[in-house]
Structures are given as structure tokens and as C-alpha cells.
Amino acid sequence: MLLFSIVIIPVLAAVLSALLPARLRGMANLAAHGVLLALAGILAYRISPGSGIVAFGGVLRADALSAFFILLISLINLAALVYSRPYLQEDIDGGALSVRQARGYDILFNVFAATMLLVPLLDNLGHMWVAVELTTLASAFLVGFYNTKASVEAAWKYVIICSVGITLALLGTVLVYYAVAAQAGTKTLDWSVIMGRAAGLNPRIMSVAFLFILVGYGTKAGLAPMHTWLPDAHSQALTPVSALLSGVLLKTSLYAIIRFAMITNKAMGPEFTSRLFIFFGLFSVAVAGIFLLAQKDFKRLLAYSSIEHVGIIVFALGVGTPLAVFGSMFHALNHAVTKSLVFFAAGNAVKKYKTHHLHMIHGLVQTLPFTAAAALVGLLSLVGMPPFGIFMSKLMILSACFQKGLYGPAVLLLLFLAVVFGALMFHLSASIFGHKPKGIESGGEALSMKLVFVSLALLLVLLGVMMPTPLQALLVAASRLVTGGGL
Amino acid sequence: MTLFLLTGIMILTYAMLVCHRIPALIQNFRLQSLFLFLVTLDFAVRQKEAGVFVVAGLLLLVKVILIPSFLNHLVKKIRVDERLGLFLNPLLSLIAALFLTWGAAVFCAWLVSDSPAVVFAAFVVSITVVLVGFFIMVFRMKALTQIVGLLVMENGIFLLASSIAGGMPFFVEIVIAFDVFVCAIITGIFMYRINKVFTHIEVHRLTDLKG
């Protein structure tokens, strides 16, 4: 019942959004996503011991790993929803959007949320594939929402490149299916069943299958060099949607990769996936670093920073020790919270200065003090300063790396991170401080926006200073699942 | 019988590369999907499984009837230049396709060395279809050719699923078919929008976003 409610609530909210008038619609959505977050919390709490919950005759299945991702998605969804309200209202007042379009946004937002929440709950790998593809299709409209040349171009690239990626992932899924059928004669794509028999699967087929999976879902997760669509889509989307794309959508694809990696590891040992993860992780951080240095667009800057962080998460999965995997999950959470905070701040800045260009956005402290504070907190957290969560997760990942004796990769990672640090500090400090251009008035931050900023910033500090015990239990259970051993 | 159908798919795949005009490409895709339907039907008859018949019927409905008709309708509606815009002429494209086929054969020989000849052939044809689909996406200029290329890639994977693994679980096939349909519609809508905002659908001219 719990799993079913998590899937059905956003669908109901989408239907209500189509029917209700504006004011009621806002309240209904807020209620729906508040309840969703509460349910995600209950799921996470209930599941901690390490057992799975099954519903609908096995179609829906949740273990600690799914519970963690559900929690992540519903948290950022709620933040994005609260932020959307004043953001869209401004667009409506300014004539950039019509009231009808705002209703369309609410419907699409909920459909998008439903597809994302579905991914971690589906046991069957074929169904999971469909859900991931549906996330692309649902969010494509949100990327091309303003219907300008740039946004339509971004949406097109997004749909086409991600669909090709996803198609390759389907090829990988079919190969896994073939390997299972050839080995045991059982025709199934149920993850829980395959996991039980993974030990005897043909390693050659599994290695090819995993490559397709990694390249395929990796395209959607934003791993370099398949990331080319990401800066376009993330910068052109409506800001609340940018936060969702960067904060959680990338991670739902990572979730799919993790599920397949678990099977592959069981079939052929962890060496193979580990090397690939470390390579793609480092490569993504390096590519992101280079593009960050030369970046001129505020939102693209943040998009490249997402590629960097996905790289770190994947790298940590490659290190593969319990501490590293714990760190990678924790990093996924920290990044989601931080990136939403910075994207929201960027959205406000872009609206105020009416430009995406970094060299024209100066003196945020004077024009939008709250936004500037949020951007500063987000910036410090993004580059990995204490006392924020990302500092802790990076520390875990790096120390796990040294513990395992992977000195070369660790040093490379540190080097690339230093580049990223310099680039982000250079660009964003100029925007936050600096002198405000003439003709731009101060003020104009809605109360609900301030509320979102404060709660996300507090959450970041909380994650960095002391991790709540239930969250820690959940992360331990999830990483134990992934590594298949104790912690 | 299976070999005959596989040969048919192979010929149609190559034929896509010599198409010069959009309607011809769509028609070719329709025929390829028809052969895919026949492969699945053949399998259904031999297995005598009701589920596989349903999947075959769905393929016929979605890939042979609905999607090509929708694309044709769209092409008429946006009234663009019907030429595909080739980055690589048909002869060179065919030569490239031969190399792709050879590569697919080498790859499959390594991957499934000890399988029966029919399975091996099906493997090679499927991988070739996927590769050619990707080739069409890259070396043809129009947005529409990217949609068709994507659909061709998916045809290759469907072929692989039904000929080597004996078809995926019933419910999975149904949702995937549905998803392919939705994907075709949505990409179609975006193509329509591109034409509206840019007044052309040539993807190599979409270069506003960089860096």
C-alpha cells in the first residue's frame, strides 16, 4: 500500500492540477508533495533492517537502496515545487507565460515526478527501462517550455541524445535477459530473481551488456563524453526544473546503473565495473573542470558542475569499498540539496539581471541579499568547504580511495577538483560580490523562496555537522546492499 | 523461414541508405517493421503462445500502421523540402554499411561463438540494424531522419529480443511498444516546433547553444 501510494499520489496530483483553479491547485500540489516526502520518510524508516517490501505481486519492490533514492527525489521535488510558485507567478505577471501554461507546468511537473518516483520502485529491469525513458519524455516539455529558439533546440538535443542512450541501455538489458535465459533457461527480467542466479551468468555477455548499460544510462546520467546534451537542457529548462534535472534526474539513471552493476559484480567479480567506473568518473570530473574554466553562462556553469559531481559519485562507486559506496550515496544527497539551492539562486539572479551572462551579473549582495547568501552557501558547499555535507562525503570517498591503495586515481581526482575549485570560486565570487550595474533595483524576493533557501542551507549544514541516525542507518543498509557485504 | 525473413530485413536496411526522399525512407521503415512483425508472428506460430501473438499484433499496429502514418501526416503538415539531405552519398553509405555488417559479424562471432547458425545470423542482423539506425541519425540532415534512425535502432533491438532470447516477458514487450509509440509522437511534436521556430528542420543548423 505504501509503495502504491508513492506512485499514485503524483498521478492524482497531475489530474487535480488539470481540474482545479489556480489557488486550490497550489494547495493540492503542496499537500501532495508534502505527503510524498512523509511517505518516503516512513518507507526509509521501515526498511532500514535490510529487508525488501513487495507490492502488486512483485511488480513494485523496495529495498534500502530504492528507499534512499525515493527520499532524495521527494525531498528535492518538494523544494522545487515551493520555489516554482513565486517563480512562475513572476513569469505570469511579466507576460512570459500565460495562466494556461502555468497549469500545463503543474501537470507536467507531477507527471515528471511520478515517472522519477517509479524508477527505483520497479523490480523488473524492462519496466525500469521504460520508466527511465518516460522521465526523458516528460521532462522534455519542461526543457522546451518557453518555446524560444534556444529552448526548443535544447529540448530536441535532450530528447534525441538521451533516447539514443536509452536505446543502447535497452540493448544491454536484452543481453542480460539473453544471458539469464541461456544459463538457467528461465525467462525473466526481475532484478530480485536475476540477482539470485547471477553467479553463473556468462561473463563475456555480461561484460558487453554492462558496457551498453553504462554508456546508455550513462548518457542520461551526464557522464562525459556522453554529456553533450546536459548543459543545453539544464540551462534552458525552467529553473525549478533545472534543479530537478541536476539534483535528482541524473541520479535516477545512476540508480539503474547501480542495479546492473550489482548483477555484473556477482557474475564476474567487481574488478570490471570498478575500472570502468573509475575511468568514466575521472574523465567526467576532468572534462567538467575544463569547461567550467571557460564558462560564461551562469546556468551552464552549474550544469557542468553537475557533470563533475556525477563523476565523483561514479568514481566512488568504482572504488567500491563500503566506505566509498556510503560516501557516494551521501554525496548524491549532498549534491542534490546543494545544486537545488544554487540553481534556485541562479534563477533569481538571471531573472533580476535579465541575462545568463556571468560577466553581466555582478553585486548580487546588493541587489538580492537573500539570494546572494544562498548562492554563497551553495558555492562554498559545492567546492567542498566545511562545514557542509559535500566536504564530508568527499573526505569519505578520498580516504576510502587511499585506504584501498588507489593513490594514482586519488591524486588525479584531487588535481581535477582543484581546477573545479578555482573555476567556480573565480566565476561565482565575482557575481556574488562585485559592484552592481546601474539601473538594477534591489529587492524582490518572495517569502516562500526565502523559506526554501533557509531550509536547504540549514539542511546542508546539518548534513555536514552531524548526520541524523536514521539517515545513517539507511545509507549503511543501502551501501551494504550494493557492496554485498558488511560495513 | 527465419533466414528468409532476416535476409529481407537486411535488404530493407541497406535500402534505407539509398533513399533520397523523406516519404521513401518512411515507407522503407514501414516495410522493415512489417518483416519484424513477420519474424515475431513466425515465432508465435511455432511456440503457440497467445502472448506472443498479442505482441506481434501490437508491433503491426504500432510500428507498421500508426507510427509511419503519423510521420507521413507530420511531413505533409509542415510542408518542408522532401529531400533528406545526405552528408554521405548512397554509394559511400552502402560501403560504410558493409563495413558495419562485417564489424557486427566479427563482434557476434566473439560474443556468441558456440551458438547455432540461425541465432548467430539473427544476432548479426540485429546489431547491423542498430548500427545502421545510428548511421542514419548521424549522416542525414533532417530532424525527421533522426526520429526514423532512432526507430530503426529500436527495430534492431526488438529483432534481437524476439529472435535470440525468444521474446521478452509479455508485459515488458507491451510497455516497451507503448513507450516507443509515445516517444515517436513526442519527438514528432518537437520536430513540428522546430519547424515553427526555425522554419526548417535541418538539425545541423541548430547551433545556438555551445560551450
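These legends walk through several close-up views of a predicted model. Residues are numbered from 1 along each chain as its sequence is written, and chains are lettered from A in the order in which they are written. In this predicted model, local features need pLDDT of at least 70 and side-chain atom pairs count only at pLDDT 80 or more, while totals for chains, interfaces and linings use all residues; side-chain values use heavy atoms, with hydrogens and water left out.

**View 1. The largest nonpolar core.** Here 258 residues make up the largest nonpolar core, meaning a set of buried Ala, Val, Leu, Ile, Met, Phe, Trp, Tyr and Cys residues joined through side-chain atoms within 4.5 Å. Buried means under 20% relative accessible area, exposed over 50%, and partly exposed in between (1.4 Å probe, protein chains only). Look for Trp156(A), Tyr217(A) and Phe123(B), which touch the most other members. Helix H6 (residues 149-184) of chain A gives the largest share, 22 residues; helices here are DSSP runs (H or I, at least four residues), numbered from the N terminus.

**View 2. Two helices from two chains.** H6(A) packs against helix H7 (residues 170-198) of chain B at an angle of about 155 degrees, with the axes 10 Å apart. Axes are lines fitted to C-alpha atoms over the stretch in contact, and angles run from 0 to 180 degrees between N-to-C directions. The two helices are therefore roughly antiparallel, a label for angles over 145 degrees.

**View 3. A buried aspartate.** Asp91(A) sits in helix H3 (residues 64-94) of chain A and counts as buried, at 7% relative accessibility. Leaving aside neighbours within four places in sequence, Asp91(A) is in contact with Ala96(A), Leu97(A), Tyr146(A), Leu238(A) and Lys351(A). Asp91(A) and Lys351(A) are 260 residues apart along the chain, yet their C-alpha atoms are separated by 9.2 Å.

**View 4. Two cis peptide bonds.** Most peptide bonds are trans. A cis bond joins Ala224(A) and Pro225(A), with omega about 5 degrees; Pro225(A) is in the loop between helix H8 (203-221) and helix H9 (230-236) of chain A. Another cis bond joins Pro386(A) and Pro387(A), with omega about 5 degrees.

**View 5. A positive phi at a lysine.** Lys48(B) is not a glycine, but has a positive phi of about 55 degrees. Lys48(B) lies in the loop between helix H2 (22-47) and helix H3 (50-78) of chain B, and counts as exposed at 69% relative accessibility.

Note on methods:
Angles under 35 degrees count as roughly parallel, over 145 as roughly antiparallel, 65 to 115 as roughly perpendicular and the rest as oblique. Contact means heavy atoms within 4.5 Å.
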